[in-house]
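Here are my notes on this model, jotted down as I went through it. Have it open beside you while you read.

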Amino acid sequence: MPANVQTIAYYGEVPWHGLGTPVPLGVTAEEMIRAAGMDWTVDVRPARGAKKINTKGEYSRYEVVRLPREKTKEVEVLLGVVSRRYQPLQNVEAFRFFDPIVGEKKAYFETAGALGEGERIWVMARMPDAMQIVPGDECLKYLLLSNTHTGEGSVIAKFTSVRVVCQNTLIMAMEDGQKAYRVRHSKMMQFRLDELAEFLAITQKVFLQAEECFRSLAKIKMVGDRKSVV
């Protein structure tokens, strides 16, 4: 399907594709991950045909496998092939990233979902108080975390004004120019993720800067082939 959405949960407006499970305002991380059908885990195991490369029992290649949830008819799904340095980030760990702000009611879950067979997931929280650019024109403030289970790409946390509900809107959010924090899937990943508390601390500062920029752009008036500042 064009949206490439496997599962999704959302608060508020129904996504354009009409898919997903609606949730009430203020759900917990546990409630959101279940509603989004993302309460599954991945396992990293030696790839078929891979050989041991040292005395530690490490292999040259590993497979990332999505495991079936309990009491379902799901089957294991191969999501990617990775090196021995790869460290997975489980979905539940991605949701925990939002605990400092959602747990203190500084934000609430807006959307969360998985694309394809689950090779890419996202979680999004909405901050209070939309940016007021001009009368009648508001820009909402979101904090987004995106992760892959394929071995390609990093864990990405960033600020955005794009509401993610599908593959295309996720791409738009990733490319909107706002500040992003990237963490590679390595043995140092957990240490780097712990630093995200500092990243969260600058949330309001980033959005204030963006609001000032948007207001400046709104003052530019297009006249024919030329532009003039009002």
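1. Let me start with Gln-90, which sits in the loop between E5 and H2. At 17% relative accessibility Gln-90 counts as buried (buried is under 20% relative accessible area, exposed over 50%, partly exposed in between, with a 1.4 Å probe and protein chains only). Leaving out residues up to four places away in sequence, Gln-90 touches Thr-41 and Val-42, where contact means heavy atoms within 4.5 Å.

2. A word on the ground rules. This is a predicted model, so local features need pLDDT of at least 70 and side-chain atom pairs count only at pLDDT 80 or more, while totals for chains, interfaces and linings use all residues. Residues are numbered from 1 along each chain as its sequence is written, and side-chain values use heavy atoms, with hydrogens and water left out.

3. The overall picture: the chain has seven helices and 14 strands (DSSP runs numbered from the N terminus, helices being H or I with at least four residues, strands E with at least two). Of its 230 residues, 42% count as buried. Among contacts with a separation of 6 or more, 53% come from residues 24 or more positions apart.

4. Now the largest pocket, with a volume of about 330 Å³. Its lining has 17 residues, and Ile-33, Arg-34, Asp-39, Trp-40 and Val-92 are the closest to the centre. Helix H1 (29-35) and helix H2 (91-96) are the elements that give two or more residues to that lining. For the record, a pocket is an open set of points on a 1 Å grid over the protein atoms alone, where a 1.4 Å probe fits, with protein on both sides within 12 Å along at least five of seven lines; lining residues have an atom within 4 Å of a point. Volume is the space filled by probe spheres set on the points, which are joined across faces, edges and corners.

5. Salt bridges next: the whole structure has 10, each a side-chain nitrogen of Lys or Arg within 4 Å of a carboxyl oxygen of Asp or Glu. Asp-39 pairs with Arg-69 (3.0 Å, N to O). Asp-39 is in the loop between H1 and strand E3 (42-46) and Arg-69 in the loop between strand E4 (62-66) and strand E5 (77-82), so this bridge ties together parts 30 residues apart in sequence. Both ends are partly exposed, Asp-39 at 29% and Arg-69 at 25%.

6. Compare Arg-163 and Glu-110, whose closest N and O atoms are 2.8 Å apart in a salt bridge. Arg-163 lies in the loop between strand E11 (155-160) and helix H4 (167-174) and Glu-110 in strand E6 (residues 108-115), so parts 53 residues apart in sequence are tied together. Here both partners are buried. Elsewhere, shared partners join Glu-30, Arg-34, Asp-39, Arg-69 and Glu-74 into one salt-bridge network.

7. What about the nonpolar cores? The largest has 40 residues, and those with the most contacts inside it are Met-32, Met-38, Phe-95, Phe-98, Phe-109 and Leu-143. A core here is a set of buried Ala, Val, Leu, Ile, Met, Phe, Trp, Tyr and Cys residues joined through side-chain atoms within 4.5 Å.
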